[in-house]
Amino acid sequence: MKNFFFSIVFLVHFYPCFSQKNINVKIDERIEAITIFYTLATRDTLDRKPTPSTYYRDFSNHFEKYKNHNTLNWYRNLSSWDSYDLSIIGLFLTDKYPFSLAIPYSDSQLRSVDMTTFLSKFNEFYKACDVESFITSHKNEYDRITAFAKKSIVESNVLNDVKLFYNKPSDGEILIFADVLNNLGNNAIEIKDDKFKGKKIFKLAYLQDENITQTNDTEVKFVPLSNVVIHEISHLFVNDFIPKYKERLAKKKDLFLMTSKNEKLNENRWENELDELIVRVCVSKILGKKYGKERELKEVENQSKHFKYFEQLNSCFDNYIQNRNKYKNITSFYPELINFIESLK
């Protein structure tokens, strides 16, 4: 990952607010077990396979004799399958086999069948296909993968980039779950339980890098993308904006419910849409500072495909970027931001 340092020194006071201590990267054994089940059940059908690696080679060798297990065929024969975010339900489960719900579940990752039926089949698969021994034998590799991922985040300097941009304290924690067999996509995770209170959680796929050759003799080197990490961290710094101005913002909620394609979203999504809009604008600015104006404009172009007011809000933030002597931190910019939003039509 390319390192880049700001060429401008901001004459402001920096809070000791965010560091590598706020970032944790893990491979959760329950997530991994469900990913193993899902990958075995679907990989022969899905066009996109897991990223080649020594770990994927070990996985294929271990589970080859189980590839037609009755639980996998049961899943294959369902009228519909779940998406790659299915493994998130692992965080709701007990720590050890036989697995059951430890946290009440009402989310939508599991859509194919009810939870009781799924866990019955999954527990059968877990025991019959010797999943525990596979995971146990790779614990040292999991430790190496997660240590490398955290090191890559620190060395990319994104934590400092974020600190420079927001310059405000945040007590939150970023919890990243690496999903090595997932070559499909990333997921933000929201769990309303005290165990995860104050944490921003997301699951990152091990996406294939088109710029290098990766084979089943290639060691896993998990490098989280800068824009993804910046995005998730940014939520911790601006999550107080909507609550602070909710009454005023609610009067403009229809603006945030209309996409660039003039699609009207459900009314209950306006806060989430606005939060995402603000966060993604901040990300575009941070990426612009880190990699140059061209990268920012590319982000504006991509995000404007969904967010109708992205370009306007991005321009509004120019004032924040260009007047850091006036705006010591992102909170001091809030009055201007709310006034600008109220002016939108």
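These are my notebook entries on what I looked up in this predicted model.

**Ground rules**

The model is predicted, and I kept to its limits: local features need pLDDT of at least 70, side-chain atom pairs count only at pLDDT 80 or more, and totals for chains, interfaces and linings use all residues. Residues are numbered from 1 along each chain as its sequence is written, and side-chain values use heavy atoms, with hydrogens and water left out.

I take helices (H or I, at least four residues) and strands (E, at least two) as DSSP runs, numbered from the N terminus. I call a residue buried under 20% relative accessible area, exposed over 50%, and partly exposed in between (1.4 Å probe, protein chains only).

**Entry: the sheet**

I started with the strands. Four of them make an open sheet in the order S1-S2-S4-S3, with mixed pairing. Two strands pair if DSSP finds at least two bridges between them. Which strands sit at the edges? They are S1 (23-26) and S3 (187-189), and each pairs on one side only. Neighbouring strands of this sheet are turned by 20 degrees against each other on average, direction ignored. Axes here are lines fitted to C-alpha atoms, for helices over the stretch in contact, and angles run from 0 to 180 degrees between N-to-C directions.

Next I followed S2 (residues 173-179). S2 pairs with S4 (residues 199-205) in the parallel sense over 7 bridges. S2 also pairs with S1 in the parallel sense, over 4 bridges. Phe-177 is the bridge partner of Lys-26, and Phe-177 stands opposite Lys-203 in S4. Ile-174 has Lys-200 in S4 as its bridge partner.

Is S2 buried or exposed? I found 7 of the 7 residues of S2 buried, so the strand is largely enclosed by the rest of the structure. In a regular strand the side chains alternate between the two faces of the sheet. In S2 both faces are covered. Glu-173, Leu-175, Phe-177 and Asp-179 are buried on one side, and Ile-174, Ile-176 and Ala-178 on the other. Helix H6 (residues 139-155) lies across S1 and S2, at about 150 degrees to S1.

**Entry: the nonpolar core**

I define a nonpolar core as a set of buried Ala, Val, Leu, Ile, Met, Phe, Trp, Tyr and Cys residues joined through side-chain atoms within 4.5 Å. The largest one has 108 residues. Which members touch the most others? They are Ile-36, Phe-118, Phe-241 and Phe-317. Helix H12 (residues 270-291) gives the most to this core, with 10 residues.

I then checked contacts, meaning heavy atoms within 4.5 Å. Leaving aside its neighbours within four places in sequence, Phe-241 is in contact with Leu-249, Ile-278, Tyr-334, Leu-337, Ile-338 and Ile-341.

**Entry: helix H14**

H14 (residues 310-322) has 13 residues. From first C-alpha to last, H14 reaches 19 Å, close to the 18 Å expected at 1.5 Å a residue. The expected span is 1.5 Å times one less than the number of residues. Phe-310, Leu-313, Asn-314, Cys-316, Phe-317, Tyr-320 and Ile-321 are buried in H14. What covers them includes H7 (158-166), H12, H13 (293-303) and H15 (330-343).

**Entry: aromatic pairs**

Rings of Phe, Tyr and Trp (its six-membered ring) pair if their centres lie within 6.5 Å; planes under 30 degrees apart count as stacked, over 60 as edge-to-face and the rest as tilted. I got 34 aromatic pairs by this rule. One is Phe-37 with Phe-122, edge-to-face, at 6.3 Å centre to centre and 90 degrees between the planes. This pair links distant parts of the chain: Phe-37 is in H1 (residues 29-42), Phe-122 is in H4 (residues 115-128), and they are 85 residues apart. Phe-37 is buried at 0% relative accessibility, and Phe-122 is buried at 1%.

Tyr-75 and Trp-81 form a stacked pair, at 6.2 Å and 25 degrees. Tyr-75 is buried at 0%, whereas Trp-81 is partly exposed at 27%.

**Entry: two single residues**

Where is Thr-45? Thr-45 lies in the loop between H1 and H2 (54-63), and at 54% it counts as exposed. Its C-alpha is separated by 9.4 Å from that of Arg-76, 31 residues apart along the chain.

Glu-296 is in H13 and counts as buried at 5%. Leaving aside neighbours within four places in sequence, Glu-296 is in contact with Ser-284, Lys-285, Gly-288 and Asn-314.
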